[in-house]
Amino acid sequence: MDSADSRLLPSSCNGKHRVRISVDRGGTFTDCIGVFPVEPTAADPSEERIVVVKLLSEDPAHYPDAPREGIRRILELATGRPHPRDAPLDTSNIESIRMGTTVATNALLERKGEPCALVVTQGFHDLLKIGNQARPRIFDLAIAKPEVLYQRVVQVDERVTLVGYAMDPRPAPRGSHDGDNIVVGRSGEHVRVLKTPDWAAVRQQLQQVYESGIRSVAICLMHAYTFAEHEEKIGQIANEIGFTHVTLSSRLSPMIKIVPRAHSATADAYLTPGIRRYVDGFAKEFDAGFSDIRVDFMQSDGGLAPVEHFSGLRAILSGPAAGVVGYSVTSFSPSQPVGVVGFDMGGTSTDVSRFGGELEHVFETTTAGVTIQAPQLDINTVAAGGGSRLFFRNGLMVVGPESAGAYPGPACYRNGGPLCITDANLLLGRLRAEHFPHIFGPNENQPLDADTTRSLFEQMAEQINSEMRTRHMLSGAAPRDKTAEEIALGFLQVANETMCRPIRTLTEAKGHDVQKHALACFGGAGGQHACAVAANLGIRRVFVHRLASVLSAYGLGLSEVVHEEQSPAAATWSAETQPPLLARLEELSSAGHSKLSQQGFSESQIRVQRFLNMRYDGTDTSIMVPEAAAGDYLSRFESMHQREFGFVLRDRRVIVDDLRVRVVGRLAEVRAGQVYDELESLQCRLLDTPSTHRAFVETVPVYFQGGSRPTAVLKLGHLEPGDVVPGPAIILDRNNTVLVEPGWTAT
């Protein structure tokens, strides 16, 4: 990608759907990437051009919807023709749109989803209020329980139970003598139907809910993961009444544990209608040809889903998931399988993850007080981003969790915002206002406001110094007043340590040595913190992709379509049960394969990944075990259990709770990066005097620990492969600023 490249879509390609667009809508910025064919030239022989558009996610004075505005600007860059903001967008040149969005996440965090009702077995109306009795902050004296998502509860007079589990945790022998009301569930467990609902009464209950104005309903009954007949019938009645969205827990998440299953069903009913409205509204911004182009949304598990299959439950990590795909392809080398820690620092938060050759998933997570039971990438989010606010409370420097967001944004955004991490980097010289995009002010043409940032930091310095003098008055030892720069650096150090904690949780807490990893840094603010975070963790190598500030959008272009099938098992792993379990896996594989074939994928584009959810008998911690050679899942399970928990139980039975199949459809050929091979092939040369290089822009003072140091500013586009830049230095690109701290080098 060359920012000076102005080549347009060839006239022979106009109107032939040749522009591929990826959009990542974040909390502060929306990143858009367009890829389209161009004519090669002597100066640039490439036959594709990549264009990048970065804009504020919220800017109501200039546009109502950031993704639509970003696509409009990409089409103008590709065609050289104006596309008016007030007219439907021309789709004749669009081949595909892939999008990651925070719509579901924001609705969950802000409790702005669809009013919905929960249908549950009688006697369990307080199920989600009671929850699982977890006490994550046991010594907190002022715990505020999150509100439940539903507005009404409907109790259905029905009950089923598992045969042999009434009093004894180990099932009694199952035989025909138990009576005619015994059925075999999907998991293979025997189920006794104690009470069948009065369907007329159920219809009357749901009709009352409908007449109250609620149009979305979640249905979660006891043991429905294995016996779904009652849920299916209630769902049929709800559809007949006219509910616009009906979620069945037995379809959505057919797994044991009713609390997370009910949370998941409620979250889906709460979020999906909003997702559908957003998608419908987004489609109306385009002309009639929108239905002819492929539109996919990123799911929380790192796979794309066609727009018609995109649901709220699978959308909670839609944005961060694309970044994991991006760095896993560009920063991990199969020839030298060094684990990579992903460090995605955006404007609102920082997302960290790990990749060691396979995407790492979790299957039960808690977001905004809601326990979600669905496959999600193992991503930890911390409220420390470029827009995180800075406070001085009780003698301590505090960063976040409050964020200034896209509007008003940090103080330097010229909207009257508060001091944030971005302001600290600007004050210390790590961000250069003159080189930052001039997109601020009423006409979107002004630079960052460094004067306002300095003024507010000086006010904070006076407040902190005054408070510290008061605190030390009785001790007789007057502390030295701190400068605005020292205070800004202190806030950055607090933020860096805050971001290191979840990285240690993902690595050291799971048996991985963090120092044996590389750090893949991306996101708009990551380049300013990469060296400091790596140094805190003991990591010696940092990868910063050329498109690091928009890597999540770039990752969307590398992603694959994913369809998952899951079924409960409740079986003991043994030589006798292994063949039927593997046969059921094959049935699920065939079903998933058929789903992707219906979307137009050929045999060569589809691959299947098989898993068993396994645990030791008597324990509550299961591990999703990927397919092993010759079907030897047991050895793989023991190896994973040893690594994560430090022990195995050789004399304990192993239970298979669930069968899972992940079917992947490849949209385009993606070649994994060979970054280590590339590094070894470089002929490196140290820039002893950067000021003589053609990439040199200027020397500026930048504040580090110990004081200000002269720092070279260079343009990335003018550096050659193999150039080694010693720190301190600032490397500028059109959408990214990378700080090379003293003691580090950049190649």
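Strand β1 (residues 19-25) and strand β4 (residues 94-100) pair in parallel, with six bridges between them; strands here are DSSP E runs of at least two residues, helices are H or I runs of at least four, and both are numbered from the N terminus. Two strands count as paired once DSSP finds at least two bridges between them. Within this pairing, Ser-22 sits opposite Arg-98 of β4. The model is predicted, so local features need pLDDT of at least 70 and side-chain atom pairs count only at pLDDT 80 or more, while totals for chains, interfaces and linings use all residues. Residues are numbered from 1 along each chain as its sequence is written, and side-chain values use heavy atoms, with hydrogens and water left out.

β1 also has a partner in strand β2 (residues 29-37), this time antiparallel, again over six bridges. Asp-24 has Asp-31 of β2 as its bridge partner, and the two strands make a hairpin with three residues between them. As for solvent, β1 is mostly covered, six of its seven residues being buried. Buried stands for under 20% relative accessible area, exposed for over 50%, and partly exposed for anything in between, with a 1.4 Å probe and protein chains only.

Next comes the packing. A nonpolar core is taken as a set of buried Ala, Val, Leu, Ile, Met, Phe, Trp, Tyr and Cys residues joined through side-chain atoms within 4.5 Å. The largest one holds 70 residues, and the members touching the most others are Ile-71, Ile-94, Ile-97, Phe-286 and Leu-448. Helix α7 (residues 258-283) supplies the largest share of this core, twelve residues. Ile-71 makes a handy example: setting aside neighbours within four places in sequence, it is in contact with Ile-21, Val-23, Leu-89, Ile-94, Ile-97, Phe-282 and Phe-286, where contact means heavy atoms within 4.5 Å. Another core, of 53 residues, lies apart from it, and its members include Ala-484, Leu-489, Ala-530 and Ile-539. As a rule, nonpolar side chains in soluble globular proteins tend to be buried together.

Asn-465 lies in helix α10 (residues 450-471) and counts as buried because its relative accessibility is 8%. Its side chain reaches the backbone nitrogen of Lys-482 at 2.8 Å. For reference, a polar contact is a pair of N or O atoms within 3.5 Å; within protein, one must be able to donate a hydrogen and the other to accept it, and residues adjacent in sequence count only if both atoms are side-chain atoms. Beyond four places in sequence, Asn-465 is in contact with Asp-481 and Lys-482. His-593, found in helix α14 (residues 578-598), is buried as well, with a relative accessible area of 19%. Not counting residues up to four places away in sequence, His-593 touches Glu-603, Ile-606 and Val-663.

On the cysteine side, the structure holds zero disulfides, a disulfide being a pair of cysteine sulfur atoms within 2.5 Å. For Cys-116, the nearest cysteine sulfur belongs to Cys-220 and is 13 Å away; Cys-116 is buried, at 0% relative accessibility. Cys-412 has its closest cysteine sulfur in Cys-420, and at 7.9 Å that is too far for a bond. Cys-412 is also buried, with a relative accessibility of 0%.

β30 and β31 run antiparallel and are joined by eight bridges, with Glu-698 partnered by Val-713 of β31. Their hairpin has two residues between the strands, and in it Gly-706 takes a positive phi near 105°. By contrast, strand β31 (residues 707-715) and strand β33 (residues 729-733) run parallel, joined by four bridges. There, Ala-712 stands opposite Ala-729 of β33.
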